[in-house]
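Good morning, and thank you for the time.

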Amino acid sequence: MTSQLIQPPYLKAGDTVAIVAPSGILKSRVGEVQDAVKLLESWGLHAIVGDHVFNQFNHFAGTDAERCEDLQNAMDDPKISAIWCARGGYGTVRILDKLNYTKFKKNPKWIIGYSDITALHNQVHNEGFQSLHAIMCVSLTKDLNAIKESVETFKSAIFGNPENYTLKGSNYNRVGETSGELVGGNLTMLHTMLGSKESIDTSGKILFIEEIGEYKYHIDRMLQSMKRAGYFDNLNGLVVGDMSRMRKNTTLWGTSVEQLILDALEDYDFPITFNMPAGHEKDNRALVLGRTLELKVGKEQSTLKFSE
């Protein structure tokens, strides 16, 4: 089990954020990246955009080597304080084995993103560092009021004041109190990591999961696979985020996705809370992965409190 993870230095005015693209194509999304640069500058930060961010190679924002080069350069540069991933999609897993953490360990920095970036969060966690599950450049909208909480919790987290959350209750919640390091992200990516050195030892930890565009039977299959691999055996708690745009199979599953999760995990007694506004919806609030979290789950409400 990992000892206390290293917290990269929080940002302050004048610091530099690198925008990189380890996954999907951004060729047609130049405007959103420019908006991201303006947002950072409005907070008193500098922004630099990776050389290959707008490249395209088949499905990806450049070749594996190009995407890796931008990310590695940002990881190695002591003048960069945070690395903000421009978008998810697919592709991060293809460059994990090419990354070198030698210089990063001397000058750790926040790595920010969600969805496909879960692969990178896992790797960073296993290298011993906290990271930030939060919005990406393509999450930005012209009217930032539409994503007010997403932007504000991201800003608060990178400047050193991560938000605690009170979640609306759910009859599906499994009541209890627990604490542990928060880990996780996108369920498909966590499942993809199984059996590799990037899979996380969840012993004594609290797992966060979210998903988009899956059939319920796919969700069940992933949970069953992870369960059989022992992923939940010593877990302390589960926080379920958005399960967005669920697809309907011709043969209906027969229960809600909440009940599906409870049924898959009925052999365990750790607390489970639903209704965390994080994932692929506009309201995607920042979570510090690797930080110790106190979780209190009730039917009326749940609270998530990060350690100081």
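Helix α4, residues 118-127, is followed by Gly128, whose phi is positive, near 105 degrees. Helices here are DSSP runs of H or I with at least four residues, strands are runs of E with at least two, and both are numbered from the N terminus. Please bear in mind that this is a predicted model: local features need pLDDT of at least 70, side-chain atom pairs count only at pLDDT 80 or more, and totals for chains, interfaces and linings use all residues. Residues are numbered from 1 along each chain as its sequence is written, and side-chain values use heavy atoms, with hydrogens and water left out.

How enclosed is α4 by the rest of the structure? It is largely enclosed, because 8 of its 10 residues are buried. By buried I mean under 20% relative accessible area; exposed is over 50%, and partly exposed lies in between, with a 1.4 Å probe and protein chains only. The buried residues of α4 are Thr118, Ala119, Leu120, His121, Asn122, Gln123, Val124 and His125.

A cavity, on a 1 Å grid over the protein atoms alone, is a set of points where a 1.4 Å probe fits but cannot get out; a pocket is an open set with protein on both sides within 12 Å along at least five of seven lines; and lining residues have an atom within 4 Å of a point. Grid points are joined across faces, edges and corners, and a volume is the space filled by probe spheres set on the points. The count is 1 cavity of 30 Å³ or more, and the largest cavity holds about 30 Å³ of space. Its lining consists of His121, Asn122, His125, Ser131, Leu182, Val183, Gly184, Ile200 and Leu289. Two elements, α4 and β7, each give two or more residues to that lining. By class, the lining of this cavity has 4 nonpolar, 5 polar and no charged residues. For these classes, Ala, Val, Leu, Ile, Met, Phe, Trp, Tyr, Cys and Pro count as nonpolar, Asp, Glu, Lys and Arg as charged, and the others, Gly among them, as polar.

Turning to the largest pocket, its space is about 550 Å³. It is lined by 28 residues, and those nearest its centre are Tyr114, Ser115, Ile212, Arg245 and His280. Helix α6 (187-193) and strand β8 (206-212) each supply at least two residues of the lining. That lining divides into 9 nonpolar, 11 polar and 8 charged residues.

Next, the strands. In a regular strand the side chains alternate between the two faces of the sheet. Which strands are joined to β13 by bridges? Strand β6 is joined to β13 by 4 bridges, the two running antiparallel, and Leu167 has Ser302 as its bridge partner in β13. Strand β12, residues 292-297, also runs antiparallel to β13, with 5 bridges, and there Lys296 is partnered with Thr303. Pairing requires that DSSP find at least two bridges between two strands. A hairpin of 3 residues connects β12 to β13.

Now some individual residues. Most residues other than glycine have a negative phi. Asn58, although not a glycine, has a positive phi of about 50 degrees. Asn58 sits in the loop between β2 (46-49) and α2 (64-76), and it counts as exposed because its relative accessibility is 59%. Asn275 likewise has a positive phi, about 75 degrees, without being a glycine. Its place is in the loop between β10 (272-273) and β11 (287-289), and at 29% relative accessibility Asn275 counts as partly exposed.

Finally, the chain as a whole. Its secondary structure comes to 8 helices and 13 strands, and buried residues make up 55% of its 308 residues.
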